[in-house]
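Subject: Structure for you to look at

Dear colleague,

I am passing on the structure that we spoke about, and below it you will find my notes on what came out of it. Please read them with the coordinates open.

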There are 2 protein chains.
Amino acid sequence: MSFFGSRWVEVPAWVAESAEPGLPRGFRAAGAAAGLKAGGALDVGLLVADEPATTSAARFTASAAPAAPVQVTRERADLAALRAVAVNSGNANAATGRAGLDEAARVQGAAGVAARVDPAHVAVCSTGVIGVQLDGRKVIAGLLKAQEALRAGGDEDFAAAIMTTDAFEKRAALDVDLPAGRVRLTAQAKGAGMISPSFATMLCFVQTDAALEAETADLLLGVCVKRSFDRISVDGQLSTNDTVLLQCSGASGVAVAPEGEDELAFGQALDALLRQLALLIAADGEGARRVGRVVVRGGNAGGVEAVARAVADSPLVKTALHGGDPNWGRIAQAIGGALAGSAPVPFDIAIEGVQVASGGQAVRGDLEGLAALVDRPEVEYVVGLPGDGHEVELFFSDLGHGYVSVNADYTS
Amino acid sequence: MSFFGSRWVEVPAWVAESAEPGLPRGFRAAGAAAGLKAGGALDVGLLVADEPATTSAARFTASAAPAAPVQVTRERADLAALRAVAVNSGNANAATGRAGLDEAARVQGAAGVAARVDPAHVAVCSTGVIGVQLDGRKVIAGLLKAQEALRAGGDEDFAAAIMTTDAFEKRAALDVDLPAGRVRLTAQAKGAGMISPSFATMLCFVQTDAALEAETADLLLGVCVKRSFDRISVDGQLSTNDTVLLQCSGASGVAVAPEGEDELAFGQALDALLRQLALLIAADGEGARRVGRVVVRGGNAGGVEAVARAVADSPLVKTALHGGDPNWGRIAQAIGGALAGSAPVPFDIAIEGVQVASGGQAVRGDLEGLAALVDRPEVEYVVGLPGDGHEVELFFSDLGHGYVSVNADYTS
């Protein structure tokens, strides 16, 4: 199956899915089973960039209850020069206090030894249950196993080790033909549309053999995250552990200079990669059938964003999306709620290009014909508010029985 | 079954459920079948206060997409002297534009004639599908039928006529022994915990034969709505049609003077009535099993409110409540999300009086013992944030398969 599957992702002509598996030059990875997940599944991943000149950039959750590994990486690692990544699944190491911070720091130290790099160049990440102390010894034992298995083709095991409730793998290997030459761009991500309470987190690791200054990597990652992972709403919940890392080994010898053609071309490739990964996260999950995209336009930036969030997070809109129901009254309700307290708003609504409401009122339309349009894997809603100049988009999951089954039927 | 069933409602000693059915002196009501609902069910209600000196107070949805009847009542009725109420179910008359406003005004005029009062003393309310033009002729025909059936015992039919997806009736008749004498206090409400997209709305009509100045009625209604309907979160959605009315006929001859003992005693009775009705709305709905109460305390008013809303609206917390799952990691996640962007917050969490997290980290506790405590119809969560001086509560519904069935499985 092709990695790029969404009509909402523009794939530049110079980007191709690679026929060859494996990480870009300068990277090795592995996964190991450390006993954190049941049944001997892979649950510890190690990824190493061997080039000392490797540059990097990072983004983290904005949660006010950040997990210990997020705090440790943010405060105690050189985010511009990350060489190694140590990840565990099965335990989030969140709400674990001082002991949890110590354990994350210990894992960082051990990963440095395993990767043969200074611990200050190691990022640590966790995903899994919240509020249970992490047994760092298990993670460290897993890292030692992974160390022996490190190889360029280890991204598949690494990706498996970070998965929790994911129904399918989210991994890509791209060839990018920049004006300056061909580079490789790979990524491994996890995160399920139906984020499960004990396994909630979005993690994404991106590698390239292009040579980027750390500032360039940071700029591009920041812009692309804003257009991808910042624009998906699964269930309106913010994880304690979200982490996105970009590492650039430079091993291809192709330099991406700031403010040139190569930066633009590389940025567009990274943008397509992250947007497709974000859409896969929104699409994943028990019982998920469809992904919605809401686009809101209007003259007030705050109102435009609030309406987009309200539509994307509305359980009424999400269940309608799941059921293939074109009832746009649910969208009208979300708009009214988002702008509560203001005068009646003359909103417009279009579903899959069909205008259903204009100036705040129903447009006589063929709602039965509309039903066929919303019975698709991707459904688009466009909302117009008064004024011009601001436009935002959000991608969101539907809400079906699978969500309830995962989150209510089985106690965690 | 007793009306007062929740441990979260304090019932004053001077309030008793009345053995006698029917409205307070000075009121008559009726319901009629006008063909807006399928199957000949009651769908138009008329309530009349015969005393010319009747006072009233009203509260409406804050939605920026208010329904036509909300706009018409708010702008074209004397809210301090409402004599009649005309309600229809089966159609919300929302997102219906200029034509919808005209239709609501026509219904107001016809109800004035049917009730023998000036139309400016008529409130109109609708509940049902959004975005479909209301056939006012049907409503008016229903009002004429109802007119002939008006009687003091008509509150039962009136309550039936305003129901939509409600699984049970929400109606009360109380005797209130004020220092100045006994008065009667009755109410009819609708609203289902699992608010259905096409039938979303909370309506509540309250009558008393006590004599209150309009300013007193307005003050008491405002305070009590803030502690009841403003504190329930069903699915985080705000209806286009929410309306709460209080009418005081004065026919008992018992006056409730401002700032006296009677006002205090009457206010406490009204408070208990509205809180219990709000809890019934939260408890109602397909598949709903439990009602949660979250209490948040801390030093920052905005943060306290944001955290309470985040917990009450979190689909992860709601599914946990449904499943009887004591997993408090979902609450930690909601807190972190609500305060996103701030430094790590040392939150405390207690479930049913059992401390599970302190200073942002897990307290070693018997989570299995806790499971029995959350397997109840009412579950209480207390969150402590840094500082003192602010406390808010919110009541919320759980999220189970019934919600998905009502909202996704059947297209509307």
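At what angle do helix H1 of chain A and helix H2 of chain A pack, and how far apart are their axes? Please bear in mind throughout that this is a predicted model. Helix H1 (residues 68-76) of chain A packs against helix H2 (residues 97-115) of chain A at an angle of about 60 degrees, and their axes are 8 Å apart. Because of that angle, H1(A) counts as oblique to H2(A), and H1(A) passes H2(A) in a right-handed crossing. On the H1(A) side the contact is made by A:Ala68, A:Pro69, A:Gln71, A:Val72 and A:Arg76, which meet A:Gly100, A:Leu101, A:Glu103, A:Ala104, A:Ala105 and A:Gln108 in H2(A). Sorted by class, the residues of this contact are six nonpolar, three polar and two charged.

The next point concerns the strand pairing around S19 of chain A. Strand S14 (residues 291-298) of chain A runs antiparallel to strand S19(A) and is joined to it by eight bridges, with A:Arg297 standing opposite A:Glu391 in S19(A). Strand S11 (residues 232-233) of chain A, in turn, runs parallel to strand S19 (residues 390-397) of chain A, and two bridges join them; here A:Ile232 has A:Phe395 in S19(A) as its bridge partner.

I then turned to the relation between the two chains. Chain B is superposed on chain A by a rotation of 180 degrees with 0.0 Å of shift along its axis, at an RMSD of 0.0 Å, and that is the relation of a two-fold axis. Among the residues of chain B, B:His401 comes closest to the rotation axis, its C-alpha lying at 3.0 Å.

As for the contact itself, 60 residues from chain B and 61 residues from chain A take part in it. On the side of chain B that touches chain A, helix H8 (315-323), helix H9 (329-338), strand S17 (361-362) and helix H11 (401-409) of chain B each supply at least two residues, and H9(B) gives the most, with seven residues. That side of chain B divides into 27 nonpolar, 29 polar and four charged residues. Since 100% of the interface residues of chain B are also interface residues in chain A, the copies meet through the same surface.

With best regards

How values were computed. Residues numbered from 1 in each chain as written. Chains lettered and ligands numbered in written order. Predicted model: local features only at pLDDT ≥ 70, side-chain atom pairs only at ≥ 80, totals over all residues. Contact = placed C-beta atoms within 7 Å. Helix = DSSP H or I, 4+ residues; strand = E, 2+ residues; numbered from the N terminus. Nonpolar A, V, L, I, M, F, W, Y, C, P; charged D, E, K, R; others polar. Pairing = 2+ DSSP bridges. Axes fitted to C-alpha atoms, helices over the stretch in contact; angles between N-to-C directions. Parallel < 35°, antiparallel > 145°, perpendicular 65-115°, else oblique. Left-handed = near helix turned anticlockwise from the far one by under 90°. Least-squares fit on C-alpha atoms with pLDDT ≥ 70 in both.
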